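Biologist: Please take a close look at one part of this structure, the packing of a few helices.

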Amino acid sequence: MNNFTKAENILSQISDKTKLGDLRKIANDIKRDHELALELWSSKVFLARQLAILIMDKKQLSPETIDKLDKDIMQHNENERIQLIDWLMANQLSKDKNTIALMNTWENSPSSLQRRVYWYYQGRLRWVGQKPTDSQELLSKIESGIDKEVLEVQWAMNFTAGWIGVYEKELRNRCIALGEKTGLFKEKTVSKGCTPEYLPEFIRIESNKRNL
């Protein structure tokens, strides 16, 4: 079965009722197939692109290829756009030293999605308990720049400030003050069991969970 036929067959299995768990099962059966991933990606179908990300070969994700994926993702609506870029970061870009190094150059990228990835990755490092040494510098950049950013990047900067505040007690008051100043996500409701994204509440709840 050639890749085009395989792609057609897979696309026929995907519908609005398909869940992420279903995509992971399909990806687990396929393993890695970069050519098939690109064929699925070319369909422009949101869920097919999520599946494509799972089976891409990270070694073939050159800066030029990533820029092309970025431009394609920008054609989706806001919710799909955020899900795709975050999915790409979590499942591919954060898995290889070369793409990690590339992400670390995106702080001032012309692409808002790449800037989001830069900050989201910094936050994820701290979320999993790592404590990079540049938190004070990063926090200063967040304090001076968050008001100027678009919402999708503000979210990632806020996320990073939140985890800095949770794990680095000496910077906690600054992070709380930042949240009070910006007011970001203060009025946002969250599902039961989820932590509010408003920094003062987020930091209080998550630090208490960890007895920090």
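Biologist: At what angle do helix α8 (residues 112–127) and helix α10 (residues 151–167) pack, and how far apart are their axes?

Modeller: This is a predicted model, in which local features need pLDDT of at least 70 and side-chain atom pairs count only at pLDDT 80 or more, while totals for chains, interfaces and linings use all residues. Residues are numbered from 1 along each chain as its sequence is written, and side-chain values use heavy atoms, without hydrogens or water.

Helices α8 and α10 pack at about 15°, and their axes lie 8 Å apart. Axes are lines fitted to C-alpha atoms over the stretch in contact, with angles from 0 to 180 degrees between N-to-C directions; helices are DSSP runs of H or I with at least four residues, numbered from the N terminus. The angle therefore makes α8 roughly parallel to α10 (under 35 degrees). The crossing of α8 with α10 is left-handed, meaning that the near helix is turned anticlockwise from the far one by less than a right angle.

On the α8 side, the contact (heavy atoms within 4.5 Å) includes W119, Y120 and W127, along with R115, R116, R124 and R126. From α10 come, among others, W155, M157, F159, W163, I164 and Y167. By class, this contact has 12 nonpolar, four polar and five charged residues; Ala, Val, Leu, Ile, Met, Phe, Trp, Tyr, Cys and Pro count as nonpolar, Asp, Glu, Lys and Arg as charged, and the others, including Gly, as polar.

Helix α10 has 17 residues and spans 24 Å from its first C-alpha to its last, close to the expected 24 Å at 1.5 Å a residue. Of its 17 residues, 15 are buried, so α10 is largely enclosed by the rest of the structure (buried is under 20% relative accessible area, with a 1.4 Å probe and protein chains only).

A second pair is helix α9 (residues 135–145) with helix α11 (residues 169–182), packed at about 15° with axes 11 Å apart. These two are therefore also roughly parallel, and their crossing is left-handed. In α9, S135, Q136, L139, S140, I142 and E143 meet L171, R174, C175 and L178 of α11. Five residues of this contact are nonpolar, three polar and two charged.

Helix α11 also holds G179, which counts as buried at 2% relative accessibility. Beyond its neighbours within four places in sequence, G179 contacts L184, Y198, L199 and P200. P200 is 21 residues from G179 in sequence, and their C-alpha atoms are 6.2 Å apart.

Definitions and conventions
Parallel < 35°, antiparallel > 145°, perpendicular 65-115°, else oblique. Expected span 1.5 Å × (residues − 1). Buried < 20%, exposed > 50% of the residue type's maximum accessible area, 1.4 Å probe, protein only.
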